[in-house]
Amino acid sequence: MLTKKEKIAYGLGDTASNIIFQTVMLFLTFFYTDIFGISPAIVGTLFLVVRIIDAITDPLMGALTDATRTKYGSYRPYLLWLAIPFGVISIITFTTPDLSPTGKVIYAFVTYTLLMLVYTAINIPYSALGGVLSRDPSERVSIQSYRFVFGMLGGLLVSACTLPLVSWFGKGDNALGYQLTMILMSCFGVILFLICFRFTKERVVAPQQQTLSLKAQMATLWQNGPFKILCGAAIMLLTSMVLRTTLAIYYVKYVLGEGDLVTQFVTLGMIGNILGCACAQPLSKRVDKKTAYIYLQYISAAISCIAFWLPGEQLVLAFAVYFLWCFFTQMATPLLWAKMADAIDYGQWQNGHRLTGLVYASVVFFIKLGLALGGAIAGWLLAYYGYQANTELNEATKTGILTSFTLYPAIGSVLVALIMTRYILDNKTLKQINDDLAANSQKE
């Protein structure tokens, strides 16, 4: 059984990751449109095009980590090797050189691509590490709960401190403010990755005889039904989540008409995220993980719809509804990541091959595809509804932002719930699988 110290150390790795992940979700679209001066339609296309590269690099990274053998394990070493490059490229991405309009677009494409490449290279092994800390399914939920509580603390840091730090560092120059803010946050992230590396240990290893080519691994992986369900759920979930979180700043500034309250709004949402993640473990002890996950999606959809009907002047209710949406949405997140480790067990039970890195890499690819789609759709919707940065918006544009912030994400949550009804790994099935794997391990 893992100690709290090790679970906290593992969670701090996600604090480091979320310093960038949450910054991208909450502020990068706004940074590109309102600070760097790129059109929202181009920003949306940028987010989507980079995913083509991920389609190649993600499975390669997963296979590479599975094949890695060092005295530190297969996944932990990447935290040590890539922490500093990750921090440096994060800073470069939020730097605004004086370029022509075309030069700005090229710079954004290059730096965002590099950011996603290094994010892949460090986050896939980090994610896979969570699947080899323990073989116990209930312990895995606890591990992922710690991970996402501390991950969301990173998000809280971003939501609460980014805009005040930008203002403080920039003193009227927001471009400089963003750059200096990212320098500070990136240095902090590097330290946390190194702590995660130092105080965790890999315990579950792949069978020694496992030697498959990447092509054979992909073919084997695609026979794993639960894995495919998780991929479908992940892309739909992140698309709807990122669409909503990306538009939060526009919702507060233009629909509620309270631009000065953006920091308070996203910070309250992040507190809801943290509390929701903390409640995942107690919930999983009382309700089957599959059932809980499905109902949480329906609850999130209902809450998102409620926000559509709120009058703009009802600020307290608007804040409360966003808090509740974040709470119930993120309560489901540790359950989803625990299911990934369960799908890995299922694959080993099914065909004898344990493809930890490749499973996490593939699901992370679909998560990032959802991240890109959510950001792209947000940019395209802003352009479609006639959004222009730093101008007074008409009522049609405001209504479009409101609809995109509330009803469209609700549809996504309902689709996620429907996809997960086909997931076969309930608690009873998982117990049988783990008993069989334990028996086979003793024979070997």
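This is a predicted model: local features need pLDDT of at least 70, side-chain atom pairs count only at pLDDT 80 or more; totals for chains, interfaces and linings use all residues.
Leaving aside its neighbours within four places in sequence, which residues is Lys-201 in contact with?

Residues are numbered from 1 along each chain as its sequence is written, and side-chain values use heavy atoms, with hydrogens and water left out.

Okay, the overall picture. We've got 16 helices and zero strands; those are DSSP runs numbered from the N terminus, H or I of at least four residues for helices, E of at least two for strands. The C-alpha atoms fill a box of roughly 70 × 45 × 40 Å along the principal axes. Of the 444 residues, 60% count as buried, meaning under 20% relative accessible area with a 1.4 Å probe, protein chains only; exposed is over 50%, and partly exposed is in between.

Back to Lys-201. Its contacts, so heavy atoms within 4.5 Å, are Glu-6, Arg-76, Val-132 and Leu-133. Lys-201 is in the loop between helix H6 (174-198) and helix H7 (214-221). Buried or exposed, by the way? Lys-201 counts as exposed, because its relative accessibility is 51%. And Ala-278, 77 residues away in sequence, is 23 Å from Lys-201, C-alpha to C-alpha.

One more thing about contacts: among those between residues at least 6 apart in sequence, 85% join residues at least 24 apart.

That's my tour, thanks!
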